[in-house]
Structures are given as structure tokens and as C-alpha cells.
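I opened this model to look up ring pairs, nonpolar cores and salt bridges. My notes follow in the order I looked.

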Amino acid sequence: MKTLADEPKWVLEGALLTSDVPLSLNNLRDCLDKRFTKAQIRVMLLELRADWTGRALELKEVGDGLWRFQSVPAMRDVLKKLHPEEAPKYTRTVMETLAVIAYRQPVTRGDIEKIRGVSVNPNAIKTLIDRNWIEVIGRRETVGHPELFATTRQFLIDLGLNSLEDLPAIGSDEMPQGEAFELFDGQNAIEASRSKHPLLQAMDKEREELENMAQMLPFSEDLESENKSSNH
């Protein structure tokens, strides 16, 4: 009869299934009393991921080097029956601000305003910082030294991404040319309508993709105050 000592993958599986947070290779190596190298642990994780292919849960690498089990997208409707309460939704302002930062980082408030064509709502920035989805990573070497915003590792973890390269891609036929994103002092505000300007069409696509990914995240904080603030 096999034991846990004989089947290290069982140990990894048990640790990952019972952990409330994603685990690193070092965490998993400790579970096996450091009898295996990180390279060997990774091989076992890839085998374990293959073992679970086609099931209701999948083993996924998130947050640039962390591993966790999570439900597959097809389980979304099933899980809604167990948790019928509607997940809090973010306002369009918050999601557009997040999309700008995620796809164009690092960016300043001014950059966000130039891309969106409207002033940045301070509550949108605060909401994203409070969620630990964005952070200030420095200041731009220009007049006023504005803060530079970028996404965090927690953003990758919450959206089930391993790196920013895993963000939903915008098709080449929908992506504006690079010069459309030129950000420089004195650039004119976007005057074309949202429905016709290719830059804002791409921003709508990015926002929708991120909104779909974030829709089922287990947040419990009430967003009513943020919604009211952004509507004024």
C-alpha cells in the first residue's frame, strides 16, 4: 500500500487543495521536507496539472510563480447556484481606469485622462489601490513629478494570471496604431465621439475583457459609496 512518502504528488495535491492562498515552489518544497529541488517540484506540478485536465478544478500558475487550484470557467453557472448573491460590480469608470493601467503601465493620472478623454475620478484610483490591484511604483521625471501607477502581483493572482502577457489580447484589427497612444505634454484632448474613436473602441474592449474576468471575484465590501461618488 502506497503512502504519502511514496507519492510526493499526493502531498502537493493535498497542500494546494487545502490552502486558502496560492503557494510558491518554496512553500511546496517545504511540504516535502526539501527532499526535492524546485525544478523537480515544478515537474510534479505540471504532471498534476495534466492529471486534473478536463475536471471541474484546474491547477494553475498565477502571480508569477504561485500555484493554486481553481474552478474552471464552465463551473461558473454551477457555483452561482450555491452562492446566488450577486457579486459586486465595478463601475465603468473603475474598470476603464484599471484597463488603462493594466495595458499601458506605468502611467500617470494625466496619461489616464488623455486616453479616456475625461478627468480621473479619485475614487476610482482609491478603489483600485484599496483592492491592492494597483500601486505607485515611482514618479515620472517631468514637471510636477507625477506618480506612476502599475498593477500589483495581487492583481495577477485575483484574475488568475501568471503574468501581464496573459491579459486578454486585443485583436490587431481592433487595436489602434501605436502613435494613437503617444502621450506628451500639450496633447489635445480626445474630441471624437466614444462610438467612433478607435482608441476608445479598443479601451471598451479592454474594459469588457477585464470586467468579465473580475465579475466572479469573491469580494464582500459594499461598493455603493463608490458608485454614488462616480455618478456625481
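**Entry 1, rings.** I started with a cluster in this predicted model: Tyr90, Trp133 and Phe155 are linked by ring pairs. The count of aromatic pairs comes to 3. I then looked up Trp52 and Phe69, which form a tilted pair, 4.8 Å centre to centre with 55 degrees between the planes. This pair links distant parts of the chain, 17 residues apart: Trp52 sits in the loop between α3 (38-51) and β2 (57-62), and Phe69 in strand β3 (residues 66-71). I noted Trp52 as buried because its relative accessible area is 10%, under the 20% cut-off. Phe69, at 13%, is buried too.

Tyr90 and Trp133 also make a tilted pair, at 5.6 Å centre to centre and 45 degrees between the planes. I found Tyr90 in the loop between α4 (76-82) and α5 (92-104), and Trp133 in the loop between α7 (122-130) and β4 (134-139), 43 residues apart. Both Tyr90 and Trp133 are buried.

I went back to Trp52 for its ring face. Arg55 lies over that face, 3.9 Å from the ring centre.

The largest nonpolar core has 23 residues, and Leu98, Ile112, Trp133, Ile134 and Phe155 touch the most other members. I listed the elements that give two or more residues to this core: α5, α6 (109-116), α7 and α8 (153-158). Helix α5 gives the most, with 7 residues. A second, separate core has 17 residues, including Leu23, Phe36, Leu45 and Trp52.

I searched the whole structure and got 9 salt bridges. Glu96 pairs with Arg116, the closest N and O atoms being 2.7 Å apart. That bridge joins helix α5 to helix α6, across 20 residues of chain. Both Glu96 and Arg116 are buried.

Arg42 forms a salt bridge with Glu61, with the closest N and O atoms 3.2 Å apart. Arg42 is in helix α3 and Glu61 in strand β2, 19 residues apart.

Asp30 and Lys34 form a salt bridge with the closest N and O atoms 4.0 Å apart. I put Asp30 down as partly exposed, at 43% relative accessibility, and Lys34 as exposed, at 52%. Last, I noted that salt bridges link Lys9, Glu47 and Asp51 in a network.

Methods
Residues numbered from 1 in each chain as written. Predicted model: local features only at pLDDT ≥ 70, side-chain atom pairs only at ≥ 80, totals over all residues. Heavy atoms only, no water. Phe/Tyr/Trp six-rings, centres within 6.5 Å; stacked < 30°, edge-to-face > 60°. Helix = DSSP H or I, 4+ residues; strand = E, 2+ residues; numbered from the N terminus. Buried < 20%, exposed > 50% of the residue type's maximum accessible area, 1.4 Å probe, protein only. Lys NZ or Arg CZ within 6 Å of the ring centre and 35° of its normal. Core = buried A, V, L, I, M, F, W, Y, C linked by side-chain atoms within 4.5 Å. Salt bridge = Lys/Arg side-chain N within 4 Å of Asp/Glu carboxyl O.
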